[in-house]
Amino acid sequence: MEYTQKEYVITGLNGLSDRQIGEHLKLYAGYVKNTNAIWQNIIELEKNIDTNALSISELTRRFGFEFNGMRLHEYYFESLGAKALEENSTLKIKNRLTTQYGSFDFWLSYFKKAGTMRGIGWVLLTYDKSIGALHTSWVSDHEIGNLAGLPILLAMDVWEHAYLLDYSPSERKNYIEAFFNNLNWEMIEKRFELANK
């Protein structure tokens, strides 16, 4: 049993070059490979758990980083490949964001601002069905700051590897605009509907 690298055909984006996406996909492939390698290593070491307890502990910590790196990139790449959200959109997710944040534009500004914070990581939009709340959160690296158990609706990668071929580190805002200009809101809507079931 192992995780399989998903295949994405993402070309012709506005503001994100094919070269940038191609290099980013190679990085994702590395997360899949490392997730499988660490998992198999842990399984092997568990055969002699008393002798290998320290190694297992350290690999288990590393597994969270690699696994979340793999999975967050899958959310990211699945969301790319469309045009910006239209002003008159009637998507349920847009309506819910408007209700909770006062306006969709306020939420959008808030989410983008979170993406410009110093440091590496991710900005996530998650949904807590138990109280009907959407959360915009920052995740450092891949594994520090995830809101436990909440389904991810939107994942924006703000590690420099996500944009460095197209934008300098000081141009992160431009990358964020490009990301949203290519965001597939139908995918976000589908995730929102699944989270509400």
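Colleague: How do you know that Arg61 and Glu58 both lie in helix 2, about one turn apart?

Modeller: They sit 3 residues apart in helix 2, about one turn of the helix. Helices here are DSSP runs (H or I, at least four residues; strands are E, at least two), numbered from the N terminus. This is a predicted model: local features need pLDDT of at least 70, side-chain atom pairs count only at pLDDT 80 or more, and totals for chains, interfaces and linings use all residues. Residues are numbered from 1 along each chain as its sequence is written, and side-chain values use heavy atoms, with hydrogens and water left out.

Colleague: Why is the contact of Arg61 and Glu58 called a salt bridge?

Modeller: The term asks for a side-chain nitrogen of Lys or Arg within 4 Å of a carboxyl oxygen of Asp or Glu. Arg61 and Glu58 meet at 2.9 Å, N to O, so the pair qualifies.

Colleague: What makes Glu78 and Lys6 a salt bridge?

Modeller: Their N to O distance is 3.4 Å, so the pair meets the rule. The pair links distant parts of the chain: Glu78 is in helix 2 (residues 53-78), Lys6 in the segment before helix 1 (18-45), 72 residues apart. Glu78, at 26% relative accessibility, is partly exposed. Lys6 is partly exposed too, at 38%.

Colleague: Which residues join Lys6 and Glu78 in a network of salt bridges, and how many salt bridges are there by this rule?

Modeller: Arg71, Glu74 and Arg191 are linked with them. The count comes to 9 salt bridges.

Colleague: Why is helix 3 called roughly perpendicular to helix 4?

Modeller: Helix 3 (residues 92-101) and helix 4 (residues 104-115) pack at about 85 degrees, with axes 7 Å apart. Axes are lines fitted to C-alpha atoms, for helices over the stretch in contact, and angles run from 0 to 180 degrees between N-to-C directions. Under 35 degrees is roughly parallel, over 145 roughly antiparallel, 65 to 115 roughly perpendicular, and the rest oblique. So helix 3 is roughly perpendicular to helix 4.

Terms used
Buried < 20%, exposed > 50% of the residue type's maximum accessible area, 1.4 Å probe, protein only.
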